[in-house]
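Have it open while you read.

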Amino acid sequence: MAHQPVTTPPGAQAGAAFAARIADRLSSPQAVRAVTPPRSWWPQSLAYGAAGIALLHIERARLGEGSWQRAHDWLACTAAEPAVTGAGSHLYYGAPALAFALHAAVDRPGRYARALEILDRHTAVATRSRLNEAHARIDRGELPALAEFDAIRGLTGMGALLLRRSVHHDDAYADLVREVLAYLVRLSRPVRHHGHFLPGWWSELAPSGKKSAQYPSGHANHGVAHGIAGPLALLALASLRGITVSGHREAIGRICDWLDRWRIAGPDGPYWPYWITLSELESERPSPGPARPSWCYGVAGSARAQQLAALATGDTGRQRMAEEALLRAMTARTPLAATTDLSLCHGFAGLAHIVPLAATDAITPGLSECLARLLAPIESTGPDTLIACGAGLLEGAAGVALALLAQVNEGALSGWDSCFLIA
């Protein structure tokens, strides 16, 4: 529900023109492939490839600002080879990624219906297989890999796709969402492992998702992309849409209690360390910070996840804390100085997209006034410079353009941002 009016920042119209120039540079797969190293050309990648770039052209076509033919060309590029299915697929790659992009393009009943039916079937099979493996792992008393549950490669990401589908389709999608939510409830419960009580999402791997001598006992990850803030956001978003399971509210509470335990009152406002190691758990002393306040890790993603959790549970105290943390991070010099790129993942585009979403739901004033400051670094960079750093959604020019479009059009018409678990 909206509390604060969100005004379009003065530079937003210029931002829309900037987004149009980016879209023109990304007009065809052939043009982009010509300047992309072969090892980086992954058409079925939502993060870096054609599936993510298609979202830019889909959004512009749905807004009446771009050509549907461009969107179809990029979708055709994504589907040129058989879709990757099974264990190798996830929200950001393969059949689920293509399903996400196609669903964003559905502007009338029946469009892409046959293709979506096939892709949805593959997505459901992959989700249930991964759920079975995850429950079996919990039953064995083992700790998870980040890719089991995270928003990029794991069941949280698959749940985000299914939740998006459930809004417009029958109860079958909602039922599968509930299966994912029930798993996240189990994941949130503490476990005893090698003599230590640990949160159920503690992984014996490093933040990279691999074994590392630097993390001999693993870590508890706090990020939206690869940590527990992603599951928290999905639990909250599902609840706000009326989809809940037994233990749902308690799971939200356990995750929030853990994040409260590790919240640090810094000079520029509260923040959360990216992760906690076993030595930090034992000493109750996390590593110094904060670092950049991004979506993937940092205050912006964590604060939005907790704001959503507060909205889902009616916890106005938590809502005020989360909004204050975000506002302080966006107005203090030190956190923004740590932001050195323009991407959705960990740059200014991500901040510029999260802030108006949070402002729309906020009971704390001041967030909307931060937008011009966040957009300025983007608008001072040329489209070609952006594309040279990457063309895709997560870390490239397509994602930046989508964030700019959202400022003018008051949100994402196609729902492209639901893969970030912030809306």
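1. Glu 117 comes out as partly exposed at 43% relative accessibility (buried is under 20% relative accessible area, exposed is over 50%, partly exposed is in between, with a 1.4 Å probe and protein chains only). Its salt-bridge partner is Arg 114, with the closest N and O atoms 3.5 Å apart; a salt bridge here is a side-chain nitrogen of Lys or Arg within 4 Å of a carboxyl oxygen of Asp or Glu. Arg 114 is exposed at 53%.

2. Before going on, the ground rules: this is a predicted model, where local features need pLDDT of at least 70, side-chain atom pairs count only at pLDDT 80 or more, and totals for chains, interfaces and linings use all residues. Residues are numbered from 1 along each chain as its sequence is written, and side-chain values use heavy atoms, leaving out hydrogens and water.

3. Arg 114 and Glu 117 sit 3 residues apart in helix H6 (residues 113-139), so about one helical turn separates them. Helices are DSSP runs (H or I, at least four residues), numbered from the N terminus.

4. Arg 178 is partly exposed at 30%, and Asp 175 is partly exposed at 41%.

5. Leu 181 also belongs to H9 (residues 171-187), but is buried at 0%. Beyond four places in sequence, its contacts (heavy atoms within 4.5 Å) include Leu 234, Ile 243 and His 248.

6. Asp 315 and Arg 318 make a salt bridge at 3.7 Å. Arg 318 is buried at 11%. Shared partners link Asp 260, Arg 263, Asp 315 and Arg 318 into one salt-bridge network.

Technical notes
Helix = DSSP H or I, 4+ residues; strand = E, 2+ residues; numbered from the N terminus.
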